[in-house]
Amino acid sequence: MTELLSNAEIDDALTGLPEWTLDNRSITRTVELPTFPVAIEFVSRVAAAAEAADHHPDIDIRWRKLHFTLSTHSAGGLTQKDVRLAHEIDSLLPDD
Ligand SMILES: C[C@H](O)[C@H](O)[C@H]1CNC2=NC(N)=NC(=O)C2=N1
């Protein structure tokens with residue numbers, strides 16, 4: 001099983017993920033895309049990346065605003081898989 005990150009490892013990881021917020025045992029990010037179709041297209045790209053990694057975000061969709069919550073359910077908290085997925089989500093965001 002993937003190991004839970006220590007508090008120091010979480011702090012370290014978050015310095016490289018400035019748009020992400022620690023929320024108890026998960027990290028979250030809200031993004032707002034220009035339109036609903038663009039937001040859904042982005043969700044689709046994240047879904048493909050998540051499926052390839054076999055690691056899946058919780059996604060709340062409100063019109064063109066998306067709220068991502070990452071944690072490793074099987075470990076009960078944050079692991080390197082969440083850090084990797086957060087970076088992947090950041091890298092998939094379309095340019096403004
Ligand atoms: C069998 C498979 O590896 C697991 O069910 C995966 C799938 N995606 C997952 N995603 C997340 N976020 N946490 C998990 O523990 C998890 N487990």
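Which residues make up the largest nonpolar core? The close-up views below, all taken from a predicted model, start there.

**View 1. The largest nonpolar core brings together 12 residues.** Its members are A13, W20, I27, V46, L66, F68, L70, L78, V83, L85, A86 and I89. Two elements, β4 (65–70) and α3 (80–92), each give two or more residues to this core. Helix α3 has the largest share, with 4 residues.

**View 2. A86 and its contacts.** Setting aside residues up to four places away in sequence, you will find A86 touching L17, W20, I27 and L70.

**View 3. L85 sits in helix α3.** Is L85 buried or exposed? L85 counts as buried because it has 22 C-beta neighbours inside 10 Å, and 20 or more are needed for that label. Beyond its neighbours within four places in sequence, L85 is in contact with A50, A53, H55, P57 and L70. R29 lies 56 residues from L85 in sequence, and their C-alpha atoms are 12 Å apart.

**View 4. Helix α2 and the residue just after it.** This helix runs over residues 36–53, 18 residues in total. From first C-alpha to last, α2 reaches 26 Å, close to the 26 Å expected at 1.5 Å a residue. Just after α2 comes D54, with a positive phi of about 50 degrees.

Note on methods:
Residues are numbered from 1 along each chain as its sequence is written. This is a predicted model: local features need pLDDT of at least 70, side-chain atom pairs count only at pLDDT 80 or more; totals for chains, interfaces and linings use all residues. The expected span of a helix is 1.5 Å times one less than its number of residues. A nonpolar core is a set of buried Ala, Val, Leu, Ile, Met, Phe, Trp, Tyr and Cys residues joined through C-beta atoms within 7 Å. Two residues are in contact if their C-beta atoms, placed from the backbone, lie within 7 Å.
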